[in-house]
Amino acid sequence: MAERPIVIYGDPVLRKISEEITEIDQEVKDLVSDLVDTLKNAQGLGLSAVQIGVLKRLFILDLSAVDLTASLKVFVNPEIVAVEGEEEREEGCLSFPGLYQNIVRPNKVKVRATDLDGKKFEMEVEGLKARAILHEYDHLEGKLFIDHLSPMTRTLIRGRLKKLTQAS
Ligand code: NI
């Protein structure tokens, strides 16, 4: 499969809600393969299908760069079952090249999803992993990390956001 261009902020597709995957067929497997190649090349931690322009409820996480015990994980039709706590941490997004902001999010999450073999799984994670899952899940709902910023911060970065829009 192949690396695909990452959709940049300003493209209206990032605001759309992704659709449930009804069957894990070859098309879905090819999509995952493209996501893996694209994420590796971009050196990111996570990537959702919508970020390569496909409105399907699917994202991948690869935290191996920050956690040696981590391996690539595929989340099909994920559901956030519960969240807990709160933590502020710097966050970025491959659809916002060069933009990093402190974002408050829950620091624990319980997520349910299906893997590429069609097997359902549930995991409870915290810290960076929880943050990454919540960030990617937001993408499936058409939500972006800047939506978590205060109105004042958004005003402050308005110029930089506008620049991203023009570059896309
Ligand atoms: Ni993102």
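Nonpolar residues are Ala, Val, Leu, Ile, Met, Phe, Trp, Tyr, Cys and Pro, charged ones are Asp, Glu, Lys and Arg, and the others, Gly among them, count as polar. On that basis, the lining of the largest pocket divides into 9 nonpolar, 7 polar and 4 charged residues. The model is predicted: local features need pLDDT of at least 70, side-chain atom pairs count only at pLDDT 80 or more, and totals for chains, interfaces and linings use all residues. Residues are numbered from 1 along each chain as its sequence is written, and side-chain values use heavy atoms, with hydrogens and water left out.

A pocket is an open set of points on a 1 Å grid over the protein atoms alone, where a 1.4 Å probe fits, with protein on both sides within 12 Å along at least five of seven lines; lining residues have an atom within 4 Å of a point. The largest pocket holds about 440 Å³, the space filled by probe spheres set on the points. Of its 20 lining residues, Leu45, Glu91, Gly92, Cys93 and Tyr100 lie nearest the centre. Helix α2 gives the most to this lining, with 5 residues.

Helices (H or I, at least four residues) and strands (E, at least two) are DSSP runs. Strands pair if DSSP finds at least two bridges between them. An open antiparallel sheet has 5 strands in the order β1-β2-β3-β6-β7. Its edge strands are β1 and β7. β6 and β7 pair over 7 bridges, and Val111 has Met123 in β7 as its bridge partner.

Angles run from 0 to 180 degrees between N-to-C directions, with axes fitted to C-alpha atoms, for helices over the stretch in contact.

| Helix | Strands touched | Angle with β2 |
|---|---|---|
| α1 | β1, β2, β3 | about 40 degrees |
| α2 | β1, β2, β3, β6, β7 | about 155 degrees |

Note on methods. Contact = heavy atoms within 4.5 Å.
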